[in-house]
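I opened a new page for this model today.

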Amino acid sequence: MNIKDIEMKPFSILDEEWALVTAGTKDKFNTMTISWGSFGMIWYKPVISIYIRKTRYTFDFIEKNDYFTVSFYPSQYKDDLKVLGSKSGRDCDKLSEVGLIPLFIKNDVITFKEASTSYICKKLHIQEIDEPNRENKNDNHMLIIAEVIEVKQSEKGE
């Protein structure tokens with residue numbers, strides 16, 4: 001699908017619908033719910049920018065791998081996204097608590113079968129954001145800018 005043909009509500013899709021960001025390899029990966037980010041153009045490339053605290057387990061996978069996915073789901077999966085956003089893969093097998101089935105597009109590109117839309121992203125830039133009102137400076141958000149290299153849409157959004 002041509003990236004420029006994607007139709008979405010750019011100012012509400014992450015805030016209202018949430019998404020999963022998934023990074024790692026077929027052998028070891030993690031996913032977490034995100035609700036902050038933006039879509040646009042930078043350096044003449046279609047990009048997505050996401051914000052993740054550097055202490056999050058998923059950030060380790062993003063930092064170590066060149067690719068990750070940002071995927072969206074039909075509303076019936078909202079409870080699954082709540083679980084994946086409230087538990088850490090460091091502490092438990094949170095995927096065993098939800099009904100999502102990993103889909104390995106390549107060894108280092110993972111999404112889930114139930115995703116209605118998956119953005120395959122190639123990491124371009126990571127930068128720590130100084131949060132002036134945050135007392136714990138070891139838990140600042142990291143800005144991750146990635147090129148959207150491919151978009152996969154489900155026919156049915158199952």
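Strands and helices are DSSP runs numbered from the N terminus, and a lining residue has an atom within 4 Å of a pocket point. The model is a predicted one.

I looked up the largest pocket and got a volume of about 430 Å³. I found 23 lining residues, with Met 32, Thr 33, Arg 56, Gly 85 and Ser 86 the closest to the centre. Which elements supply at least two residues each of this lining? I noted β2 (29-34), β4 (45-53), α2 (57-64) and α3 (78-86). The largest share is from β2, with four residues. I then sorted the lining by class: ten polar, eight nonpolar and five charged residues.

Strand β3 (residues 37-42) pairs with β4 in the antiparallel sense, over six bridges.

**Serine.** I turned to Ser 71, in strand β5 (residues 67-72). Why does Ser 71 count as buried? Its relative accessible area is 0%, and the cut-off for buried is under 20%. The Ser 71 side chain makes a polar contact with the side chain of Tyr 73, at 2.7 Å. Leaving aside neighbours within four places in sequence, I listed the contacts of Ser 71 as Ala 19, Leu 20, Thr 111, Ala 115, Thr 117 and Ser 118.

Conventions
Residues are numbered from 1 along each chain as its sequence is written. This is a predicted model: local features need pLDDT of at least 70, side-chain atom pairs count only at pLDDT 80 or more; totals for chains, interfaces and linings use all residues. Side-chain values use heavy atoms; hydrogens and water are left out. On a 1 Å grid over the protein atoms alone, a cavity is a set of points where a 1.4 Å probe fits but cannot get out, and a pocket is an open set with protein on both sides within 12 Å along at least five of seven lines; lining residues have an atom within 4 Å of a point. Grid points are joined across faces, edges and corners, and a volume is the space filled by probe spheres set on the points. Ala, Val, Leu, Ile, Met, Phe, Trp, Tyr, Cys and Pro count as nonpolar, Asp, Glu, Lys and Arg as charged, and the others, Gly among them, as polar. Two strands pair if DSSP finds at least two bridges between them. Buried means under 20% relative accessible area, exposed over 50%, partly exposed in between (1.4 Å probe, protein chains only). A polar contact is a pair of N or O atoms within 3.5 Å; within protein, one must be able to donate a hydrogen and the other to accept it, and residues adjacent in sequence count only if both atoms are side-chain atoms. Contact means heavy atoms within 4.5 Å.
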